[in-house]
Amino acid sequence: LAGDDRVHDCEKWFYGAISPTDGAPSGIVFHVRNLTIENARTYAITAHRQAWNIDGVNIINTRPAPDWHSNSDGIGGGPGTVIRNTHIDTWDDSIKLYKDGFLVEDVTIVHNRNGSPFQLGWSDKPRTTHTLRNVVVKPAAVPDGQKFNLPLFANSRGNVDATVKVLNLKAAYPESSQLNKCEDGQAMPMVYLAGENSSLKIDLKTDSDLKVSTPALSCGPGKLDVRAGKGKR
C-alpha cells in the first residue's frame with residue numbers, strides 16, 4: 001500500500017497486518033501462533049487463496065470507539081482455514097466466512113457495535129460449509145439510543161449460500177438491542193441476510209448446544225433454516 005489505509009481502497013483488502021504476497025501459491029497453509037495484533041488498519045490476518053492455521057492469537061483494537069477511521073477486521077482466509085484458541089476484539093467484522101471449510105474452535109469474540117462476528121459476504125459468494133465448536137460471543141455495551149450495525153451472522157450485500165455446523169455456540173444479547181439493518185422498531189436478530197437469494201442453514205449437530213439469546217431470529221429478505229438434532233436454541 002502507498003501511504004495509509006485510505007489509499008488504493010480496492011487493494012487494501014488483499015493485505016493485513018499479516019498477509020501473503022501476491023506471488024504466494026494457492027493451496028498452501030500458513031501458521032500463526034501465540035501472537036498479539038493490536039490496531040490493525042484493515043484485516044489483522046488475511047489471505048484470499050491460502051489457508052491459515054491460527055492458534056493462540058489475540059486480536060485487539062484499542063483505539064477509542066467509534067473507530068470510523070479504520071476497518072479493523074479480524075481474520076479472512078482461503079479454503080480450509082482453522083482458527084483455534086483465539087480472542088478477537090475488533091471494531092469491524094471478526095471472521096470472514098467467505099471461502100469453504102472454516103473451522104472455528106475454542107474462540108472468544110467481542111461483538112462491537114459496527115461489525116459482525118461472522119460475516120458471510122459483502123458480495124456474491126459460492127456455496128460454503130463451516131464448523132463452529134466451543135465459541136463464545138460477548139456483546140459489547142452499546143450507548144443508549146444507538147444500535148448494532150450487524151448481528152451475530154451477517155450477509156451484508158450480494159447473495160450467499162452457507163451452512164454453519166454448530167457444536168456449542170453461546171451469545172446473549174440484551175432484550176433492548178436493536179439493529180440498523182432491520183426496520184425501525186424491530187428487535188435485534190441473530191441473522192441478517194441482505195440478498196433475496198441468500199440462504200443460511202444452521203445445522204445443530206447431535207448433542208450440540210446453541211445458546212444464543214437474541215430478541216428476534218432474523219431479518220432481511222434471505223432464507224434462514226435452523227435444523228436441530230438434540231441441540232436447542
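Contact means heavy atoms within 4.5 Å. By that criterion, residues 24 or more positions apart account for 67% of the contacts in the protein with a separation of 6 or more. The model is predicted: local features need pLDDT of at least 70, side-chain atom pairs count only at pLDDT 80 or more, and totals for chains, interfaces and linings use all residues. Residues are numbered from 1 along each chain as its sequence is written, and side-chain values use heavy atoms, with hydrogens and water left out.

The protein has zero helices and 17 strands. Both are DSSP runs, numbered from the N terminus: helices are H or I with at least four residues, strands are E with at least two. The C-alpha atoms fill a box of roughly 45 × 40 × 35 Å, taken along the principal axes. The radius of gyration is taken over C-alpha atoms, and the globule rule is 2.2 Å times the number of residues to the power 0.38. For 233 residues, that rule puts a compact globule near 17 Å; the protein has 17 Å, which agrees. Of the 233 residues, 48% count as buried. Buried means under 20% relative accessible area, exposed over 50%, and partly exposed in between (1.4 Å probe, protein chains only).

One disulfide is counted, a disulfide being a pair of cysteine sulfur atoms within 2.5 Å. The bond is formed by C182 and C219, with their sulfur atoms 2.1 Å apart. This pair links distant parts of the chain, 37 residues apart. C182 sits in the loop between β12 (161-172) and β13 (191-193), and C219 in strand β16 (residues 218-219). The torsion about the S-S bond of C182 and C219 is about -70°, so the disulfide is left-handed. Both C182 and C219 are buried.

A cavity is a set of points where a 1.4 Å probe fits but cannot get out. A pocket is an open set with protein on both sides within 12 Å along at least five of seven lines. Lining residues have an atom within 4 Å of a point. Grid points are joined across faces, edges and corners, and a volume is the space filled by probe spheres set on the points. There is one cavity of 30 Å³ or more. The largest cavity holds about 40 Å³ of space. Its lining consists of I37, N39, A40, A44, I59, I60, N61, S72, D73 and T90. By class, five of these residues are nonpolar, four polar and one charged. Here Ala, Val, Leu, Ile, Met, Phe, Trp, Tyr, Cys and Pro count as nonpolar, Asp, Glu, Lys and Arg as charged, and the others, Gly among them, as polar.

S72, one of the cavity-lining residues, lies in the loop between β4 and β5. S72 is buried, with a relative accessible area of 4%. Its phi is positive, about 45°, although S72 is not a glycine. P66 is found in the loop between β4 (51-60) and β5 (73-76). A cis peptide bond joins A65 and P66, with omega about 0°. N34, in strand β2 (residues 29-38), also has a positive phi, near 50°. N34 is exposed, with a relative accessible area of 67%.

The second largest pocket has a volume of about 210 Å³. It is lined by 14 residues, of which V142, P143, Q146, S176 and S177 are the closest to its centre. The lining has seven nonpolar, five polar and two charged residues.

P215 is found in the loop between β15 (210-213) and β16. P215 is partly exposed, with a relative accessible area of 25%. Leaving aside neighbours within four places in sequence, P215 is in contact with P174, E175, S177, A187 and M188. The C-alpha atoms of P215 and S177 are separated by 7.4 Å, at 38 residues apart along the chain.

N149 lies in the loop between β10 (127-139) and β11 (153-155). Residues up to four places away in sequence not counted, N149 touches R113, N114, L179, N180 and K181. The C-alpha atoms of N149 and K181, 32 residues apart along the chain, are separated by 6.6 Å.

S94 occupies the loop between β6 (82-90) and β7 (95-96). At 2% relative accessibility, S94 counts as buried.
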